[in-house]
Amino acid sequence: MIVGVHPLAGFDKLLHYRVPENLRATLQMGSLVRVPVLNTLRLGVVGAIGAPKDFPLDRLKSVAQVVHPFPALTPDLLKLARWMSIYYAASLDGIIETMIPATVRSGAGIKEEKLLSVAQKLSPEDLATLAKRAPQQARLYQFLVQQYRPQNKGLVLKRLSQTAAVVNALIKRGVVKEEVRRVVREAYAEDWSKGELVAAQAPKLNDEQLAAVRGITEEVAHDRFGVTLLHGVTGSGKTEVYLHAIDTVLKAGGGVMFLVPEVALTPQTVARLRSRLEAIAPDHKCVVWHSHLSEGERLDGWLALAAGEAKVVVGARSAVFAPVHNLKLIVVDEEHEPAYKQDETPRYHGRDVAVYRAKLNEAHCLLGSATPSLESYHNALNGKYVLQTLKLRVDNRKLPFIDVVDMRIEVMRSRGLTTLSQRLANAMQDRFEKREQTILFINRRGYSSSMLCTDCGHVEECEHCSISMTYHRADEMLRCHLCGAERNAPVTCPKCRSPKIRWRGLGTQRVEESVRRVLPRARIERMDTDTMSKKNRFREILGQFRAGKIDVLVGTQMIGKGLDFPNVTLVGLIDADISMHIPDFRANERTFQLLVQVAGRAGRGDRAGEVVVQTFTPQAEPIQFSRHADYEGFSATELKLRKDFHYPPYRHLIHHLFRGPNPEKLKFFSEQWAKLVEAELGKRVELRGPSPSPIEKIKDAYRWQLWYFTDNVSKTIPLLSKLRSDFKWPDDITQVLDVDPVSLM
Ligand code: ADP
Ligand code: ZN
Ligand code: ZN
């Protein structure tokens, strides 16, 4: 028997090995093995059984070890890895390493126990004979035969003060059998989301939810690949719809994957999901996959899935590679979230990989959001995806009223920049007196370096690309990061001549101080990236807020995800403009998403909610459409703009980053390379750049970038890769390709 193995760690090819007799029973396609490579043993994954015709068989080395008794990569994951390697222009061994958790790769830490049970019952006569000839063996037999389940060997021997020889003799007679079983640390039973548990009862679905569930279960019943986009306004009860779909699939014996943007930040979702899932089917263990698991817990969760003992996994991006058996449904909640994209190699998008994995399994993929990405919505409009819509909040609760405050007027009124408008301050005062709660969001989607006129709201844009120009402090220039166009930064506003054109951003701390001035007696808490890095602190604050011990919560928009607090009747967005002027063609989309999601946090209880949005550009489209949560209106306008500029979703975008210590050399080679690509692939791709990156220098490495627009990534990438490996790159220049980047910064 010959197998092809993909060794990990820097070997991007398939090597062949013999399989010794004793490993043949356990070795399978996708098995994790150790094989000799250049005199050392390396980990690898079996990627082929058999060898090509006329393969020279002499001198073949042998597989040294099979690490786990079941495959590390299911056949669909192997195919997925090959597809990803082409699509994301990443090496196969790197992708395989990403797919298999480190603890699984190491093969260490598996706890096993030996169990004894009776293999064959003895007749009373035989037992009597045994008792005479070998009283110890008879004693052990009598003990085991009284037990309901297999017993731990070590414990039994200790209890009866016997030796292994007694067991062995009974095994030889065929009376007792010994099995090896894994000890499970119960990662999925861990109550890591304490304090956030929500009632496990299922509410009665409303008509819209019922219709969506019906549509989805019909799709799932077809047992073939398909994608449903569930577009439901905030608070429309999308989770209930997911749960019903999951229930159907589990009852039919299928496996399920549930992806959320970042599990650690949404303990509420996970707790609710787990308690509900375990209520639906108590025998269905649900593996939770998040970054705070211990190595052992991670290993056990993975093993439970790989062995087919658990059928559901809930987790963030990387859970898309979980070895779920008979995968029939993948749910991607908040599918528009940029967090699904991995920002290091391999730069895959969890949602897109989920769709492809569903395809490989003839499974259904259910994408859900209150603000679907324009990519997904476009696919729904052109019939590739089935669209299901939830237009109403559950119990017909009202969507909150959005009050847009024109900060240009506030600036005039207060003769200078203010953090809190009068309108917002009054509203907070009112809530405080009524003992209701407020959340204030600070918009920090990316770092804003665009110039904004605080008198008229004007922002400098590139005329070729319709994105904001970026201010470079070093030489006081404005540059476009798509096409490289540049001009001097204006000293006065080109539109209204005001000198008050500047770039700026607000910190959570400053907002907190302003709130203290308005409400000196209120209990205020701040939640930002610093607080969030401490997992317990995050949970603690949420717990206190839920218990009503905090009046005002201040934080970046990241804290808004999936939070459901009935007593929050006021939500303020301090600085709506920042995300609108990031130099990215998705700036409008991000702003609209932010506004709708933020507004969705208000009025989840019986009282109607109010949202105050502060902006210098109240007339801007994302702001106007978000006032009525008008997704259809917004997407129609925005898709037209994307179409006119040939932006995604009408074409794909690929980012190519060059890094090196010498700026002149970097510029020279980027330009030479761009010329070559233009000459060779000019018909297939449109190039923009090369130009300096938004951040021109990081850790002493200068950065240049180039953009490719293409209709077909799978065809373009192999051509690019070929050109790239033939091109004479100097040793001190490194490059990174990012396919379908979610951020242009
Ligand atoms: P979404 O994810 O669409 O914002 P959720 O799934 O979080 O909405 O649901 C919002 C709240 O409404 C939750 O507390 C949920 O338990 C509740 N809910 C969902 N469906 C119903 C229903 N049919 N009747 C009553 N309450 C419901
Ligand atoms: Zn102006
Ligand atoms: Zn431009």
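I started at Ile 49, which sits in strand S4, residues 40-49. I kept in mind that this is a predicted model.

**Entry: a surface patch**

Is Ile 49 buried, partly exposed or exposed? I looked up its relative accessible area and found 47%. Ile 49 is therefore partly exposed, because that class lies between under 20% for buried and over 50% for exposed. Next I checked its partners on the surface. Met 1, Met 29 and Ile 49 form a nonpolar patch there. Together the three have about 240 Å² of accessible area.

**Entry: ligand 1**

I moved on to ligand 1. How many residues surround ligand 1? I found 17. The closest are Lys 204, Gln 209, Gly 235, Lys 238 and Thr 239.

I then looked up polar contacts. A nitrogen atom of ligand 1 lies 2.8 Å from an N or O atom in the side chain of Gln 209. The backbone takes part too. A polar backbone atom of Gly 237 is 3.1 Å from an oxygen atom of the ligand. For Ser 236, I noted 3.3 Å between a polar backbone atom and a ligand oxygen. How much of the ligand does the protein cover? Ligand 1 has 560 Å² of accessible area on its own, and the protein covers 80% of that.

I also sorted the shell by class. I noted four nonpolar, seven polar and six charged residues. Which element gives the largest share of the shell? Helix H9, residues 238-251, does, with three residues.

**Entry: cis peptide bonds**

I looked up peptide bonds next. The bond joining Thr 345 and Pro 346 is cis, with omega about -5°. Pro 346 is in the loop between strand S13 (327-333) and helix H12 (350-360).

I noted another cis bond, from Pro 648 to Pro 649. Its omega is near 10°. I placed Pro 649 in the loop between helix H22 (631-644) and strand S27 (652-660).

**Entry: positive phi**

Here I turned to phi angles. Ala 89 is not a glycine, yet its phi is positive, about 50°. I found Ala 89 in the loop between helix H1 (75-87) and helix H2 (92-99).

Glu 334 is not a glycine either, and its phi is a positive value near 50°. Its place is in the loop between S13 and H12. Is Glu 334 buried or exposed? Its relative accessibility is 12%, so I wrote it down as buried.

**Entry: Gln 614**

Gln 614 took me to strand S26, residues 610-615. Its relative accessibility is 0%, so Gln 614 counts as buried. What does its side chain reach? I found the backbone nitrogen of Ser 421 at 2.8 Å.

**Entry: Lys 495**

I ended with Lys 495. Where does Lys 495 lie? It lies in the loop between strand S21 (486-488) and strand S22 (501-502). Its relative accessible area is 60%, so Lys 495 is exposed. I also checked its separation from Val 459. Lys 495 and Val 459 are 36 residues apart along the chain. Their C-alpha atoms are separated by 9.3 Å.

Definitions and conventions:
Residues numbered from 1 in each chain as written. Chains lettered and ligands numbered in written order. Predicted model: local features only at pLDDT ≥ 70, side-chain atom pairs only at ≥ 80, totals over all residues. Heavy atoms only, no water. Patch = residues over 30% accessible without salt bridge, like charges linked within 9 Å, V, L, I, M, F, W, Y side chains within 5 Å. Areas by Shrake-Rupley, 256 points an atom, 1.4 Å probe, with all protein chains shown as cover. Salt bridge = Lys/Arg side-chain N within 4 Å of Asp/Glu carboxyl O. Helix = DSSP H or I, 4+ residues; strand = E, 2+ residues; numbered from the N terminus. Buried < 20%, exposed > 50% of the residue type's maximum accessible area, 1.4 Å probe, protein only. Near = heavy atom within 4 Å. Polar contact = N/O pair within 3.5 Å; in protein donor to acceptor, adjacent residues only side chain to side chain. Nonpolar A, V, L, I, M, F, W, Y, C, P; charged D, E, K, R; others polar.
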